[in-house]
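I'm going to look a few things up and jot down what I find.

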Amino acid sequence: MKLIVNGKESNLEEGLTVSGLLIAQDVKMPEMVSVEFNGQILKRSEFENTALSEGDKVEFLYFMGGGNVTN
Amino acid sequence: MKADTLAIHGGFAGDRETGATAVPICQSVSYAYRSAQDLADVFDGKTPGYIYTRIANPTTSALEARLTQLEDGIGCIATSSGMAAIASVVMGLVRTGDKIIAASGIFGGTVSLFENTLGRFGLETVLVDAADTKNFAKAIDDKTKLIFVETIGNPRMDVPDIPAIAKIARKANIPLVVDNTLTTPVLFKPGDFGADIVVHSTSKFINGHGTAIGGAIIDTGNYDWRKGIFEDIKKLSGKASQLAFLSHLRNLIYRDLGGCPAPMNSFLMLQGLETLSARMSRHCENAQKLAQYLQNQPKITWVNYPGLTGRRFYNRVQELFNGKGGGLLTFGVGTKERAFNFIDSLKLAKNLANLGDAKTLVIHPASTIFHEFNAAEKEKMGVPADMIRVSLGIEDFEDIKADFQQAFERIS
């Protein structure tokens, strides 16, 4: 399936959850990342149960560093 | 994961290089990068990373991640104290000429911050009796920027109807800020009942041992900053989404005020969190038992504990705090002199200005933490001259009772 991850189109396997996406994308500092899913910030308790599907937009945000929020 | 598990494992999956299971204390002011471009990228937010411990620190980040999960929020900023947390939140939301509404039974230090310190910069604070929820709605006008309450007023021991106050705040499109220090997420998650921002003095039950000062700010995700009344925060939401408020603090207010925690203190808070749930059960159990003991003690004139059957806030405690009344209670002995005599007669309980310690603590609020307020102000804040406040520790209750019993025997 095709997802928009950090503004770029990415091909990923079907059935992935947000937790799985963090692993699949080898996201830096996974304990610290915030995830915006189709315009909504997810709570960490939702990572495991949020299934991704074709066309979903996912942004990885970090605000612990102090620089401007990255994406 | 359940809350008790998150309190131990949340925010840290073990050190990848060393296998350390305790969160390492990253006692470093700053963080070096290989190239000038790498550091510039972190400043620009193109790469995640640390810059300077006043802004963020790896040990503190682990604490923030754990507190975020425990409150089921979207993000957290840990601060050097609870007062720093409240100051950062309010200064991040108000400007000169703005107004805030606060419950009148809150901690005197917080009232002083609002009225005296922030009052110097033109903030107007309206204190209302939180027992009548309508008071909040009546006080709101177009200058009002937030409502502030404590889950249990310290030391008035009133329990505001947070779900109803949250609805009033939502209708006015202003955030409800809730100080959850006395209940902690073990008893109550304000975000589940509509609160927008949660603040803590982590020095109290979260630390649990009286070893470090700290605070925290958690955004519950309930207030949509993209549609809020704060134009500067709304502008940030384009990039930061619902994290706009915390980004506004991290990149401006909190960064500039300098209220960051020491990494060692963040470590002590993380350790405290691991046993918080077990300790809260004992704090509440001991408070309930002492309140019941005091009810039958002829030398007292009154006792106030929201967990006592038939009391004004008993039903709310059942509904909101899972039936637990917290670890704090107050009682009166008729006069200030008798209160002083009683405190001087205690042997086990410590007479000091703190709460939430593993040790049982007492204080005479009117002459200490409220000493700067006059008699009329103290009456309005629910602090009579004969009041003794007790923060129940986790000692064996029989020893606490014996200490109180021998102190009562010593006063006339």
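This is a predicted model: local features need pLDDT of at least 70, side-chain atom pairs count only at pLDDT 80 or more; totals for chains, interfaces and linings use all residues.

How many helices and strands are there in chain B? I found 15 helices and twelve strands in chain B.

**Chain B as a whole.** I looked up the overall dimensions next. The C-alpha atoms of chain B fill a box of roughly 75 × 55 × 35 Å along the principal axes. The radius of gyration of chain B is 22 Å, which agrees with a compact globule, because a globule of 412 residues would come out near 22 Å. Then I checked burial: 55% of the 412 residues of chain B count as buried. I also looked at contacts in chain B between residues at least 6 apart in sequence, and 72% of them join residues at least 24 apart.

**Chain A.** Here I went for the strands. Strand β1 (residues 2-5) and strand β2 (residues 8-11) of chain A run antiparallel, and four bridges join them. Which residue in β2(A) is the bridge partner of A:Ile4? I got A:Glu9. The two strands β1(A) and β2(A) make a hairpin with two residues between them. In that turn, A:Asn6 has a positive phi of about 50 degrees.

**Where the chains meet.** I found 20 residues of chain A in contact with 35 residues of chain B. On the chain B side, α2 (36-43), α3 (58-70), α9 (231-240) and α10 (244-257) each supply at least two of the residues that touch chain A. I sorted this side of chain B by class too: 15 residues are nonpolar, 13 are polar and seven are charged.

Note on methods
Residues are numbered from 1 along each chain as its sequence is written. Chains are lettered from A and ligands numbered from 1 in the order in which they are written. Two strands pair if DSSP finds at least two bridges between them. Two residues are in contact if their C-beta atoms, placed from the backbone, lie within 7 Å. Ala, Val, Leu, Ile, Met, Phe, Trp, Tyr, Cys and Pro count as nonpolar, Asp, Glu, Lys and Arg as charged, and the others, Gly among them, as polar. The radius of gyration is taken over C-alpha atoms; the globule rule is 2.2 Å times the number of residues to the power 0.38. A residue is buried if 20 or more other C-beta atoms lie within 10 Å of its own, exposed if 12 or fewer, and partly exposed in between; C-beta atoms are placed from the backbone.
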